[in-house]
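Hi,

Here is the model I promised to pass on.

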Amino acid sequence: MGNIQAVEALWRARLDPLRPASSLSRREVAALAAGITGSIHDTLAREDGPEIRYVEELGADNPFDVYGKDGEPCPRCKTILTRVVQGGRATVFCPRCQRARRREK
Ligand SMILES: [Zn+2]
């Protein structure tokens, strides 16, 4: 999955991007799956041409919820979005909506 969709899906699922996949509960995995399909669906629905345009080209018209929006308020809770580099890829997330939770069973 591309970085944009990963960032968007994690935000939708309210999951901390730094959490290892193996720590996710079944409920969280289901939320992530829903976040992935929702994010891809919305991205495709927004596209009016045959190719996906990049955020760099879109500039202020960035259509994503959080991707490329570090330093801006979270669309859900208005907390300022944070950027971390993980495995060479920049990840943007909301430190409030997506904070690490106690491990669920
Ligand atoms: Zn938030």
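Below are my notes on its salt bridges.

This is a predicted model, in which local features need pLDDT of at least 70 and side-chain atom pairs count only at pLDDT 80 or more, while totals for chains, interfaces and linings use all residues. Residues are numbered from 1 along each chain as its sequence is written, and side-chain values use heavy atoms, with hydrogens and water left out.

The structure holds three salt bridges (a side-chain nitrogen of Lys or Arg within 4 Å of a carboxyl oxygen of Asp or Glu). Arg12, Asp42 and Asp65 are joined in a network of them. Between Asp42 and Arg12 the closest N and O atoms are 2.6 Å apart. That pair links distant parts of the chain, with Asp42 in helix 2 and Arg12 in helix 1 (residues 3–12), 30 residues apart; helices are DSSP runs of H or I with at least four residues, and strands are runs of E with at least two, numbered from the N terminus. For Asp65 and Arg12 the closest N and O atoms are 3.9 Å apart. Asp65 sits in the loop between helix 3 (55–58) and strand 1 (82–86), so its pairing with Arg12 in helix 1 ties together parts 53 residues apart in sequence.

The other pair is Glu28 with Arg19, at 2.9 Å between the closest N and O atoms. Glu28 belongs to helix 2 (residues 26–46) and is buried at 5% relative accessible area (buried means under 20%, exposed over 50%, partly exposed in between, with a 1.4 Å probe and protein chains only). Arg19 is buried too, at 16%. By contrast, Arg12 is partly exposed at 27%.

Best wishes
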